[in-house]
Amino acid sequence: MLKRVNRIFGHVVPDVARIAREMTEKSQISIVLEIVKLLPLLKLLFLGIRNLPNLFFLLKKDYASGVILLAELEYLKEERSGKKIDELILHSQMTDMAILLGNKKVFTGFLSLCRWYGVRPAIFSNNSLYCIQMLSGLPFLSKDLIVYFPDDGNASIEEFAVKSKLDIRFVRGFPPSRE
């Protein structure tokens, strides 16, 4: 399915701009701990249980595990503030880095995270062709996964997108509006 949209309605995770600002004064661990301190005990327990299998990878600074943990923390922080989140969108920088590195674990982990919390998964990428190729090679995809690309009017990408059987939406204007 192929659509053109004017804006994105989901919540983009992780908040890369905030993390970049905070990295000038804090370490990665202190940024994570700051968010963790805000969580209620029950959410903290679920976070720990859900990430227990990834502990070894997190300690080894595995890219996919770190991205998924940051996305989950951002989701829990927003959920705690009372926001209703129906769609989680993986930030384009995380998506494009995963594509560049050939790291499918980022996508499978993100889909698993969205399934766990019952939200619709979506990703945004600036590399439409490579993104479609990588997603098409995944063993399982969520039927409700939405893939956003900037609308650059590239007809060959649109042709390829239609053949991919993914729910692809071209966003007019960049960066995409969240409101």
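Close-up 1. Strand β4 (120-124) is mostly covered, with four of its five residues buried. Buried here means under 20% relative accessible area, with exposed over 50% and partly exposed in between (1.4 Å probe, protein chains only). Helices (H or I, at least four residues) and strands (E, at least two) are DSSP runs, numbered from the N terminus. The model is predicted: local features need pLDDT of at least 70, side-chain atom pairs count only at pLDDT 80 or more, and totals for chains, interfaces and linings use all residues. Residues are numbered from 1 along each chain as its sequence is written, and side-chain values use heavy atoms, with hydrogens and water left out. β4 pairs with β3 in the parallel sense over four bridges; two strands pair if DSSP finds at least two bridges between them. R120 of β4 is the bridge partner of E87. β4 also pairs with strand β5 (residues 146-150), again in the parallel sense, over three bridges, and F124 stands opposite Y148 in β5.

**Close-up 2. Helix α8.** β4, α8 and β5 form a right-handed β-α-β unit: with the strands pointing away from the viewer, the path from the first strand over the helix to the second runs clockwise. In α8 (residues 128-136), the buried residues are S128, C131, I132, M134 and L135. Seen down the helix axis, these buried residues fall within an arc of 165°, so they line one face of α8. The arc is that of the directions from the helix axis to the C-beta atoms.

**Close-up 3. Residue L135.** L135 lies in helix α8 and counts as buried because its relative accessibility is 1%. Not counting residues up to four places away in sequence, L135 touches F107, I123, L141, L145, V147 and L166; contact means heavy atoms within 4.5 Å. L135 and K104 are 31 residues apart in sequence, and their C-alpha atoms are 8.2 Å apart.

**Close-up 4. The nonpolar cores.** The largest nonpolar core has 42 residues, and those with the most contacts inside it are L88, F107, F110, L135 and V147. Such a core is a set of buried Ala, Val, Leu, Ile, Met, Phe, Trp, Tyr and Cys residues joined through side-chain atoms within 4.5 Å. Helix α5 gives the most to this core, with eight residues. A second, separate core of seven residues includes A122, F124, I146 and V171.

**Close-up 5. Helix α6.** The buried residues of α6 (residues 92-101) are S92, M94, T95, D96, A98 and I99. Among the elements that cover them are α1, α5, β3, α7, β4 and α8. After α6 comes G102, with a positive phi near 70°.
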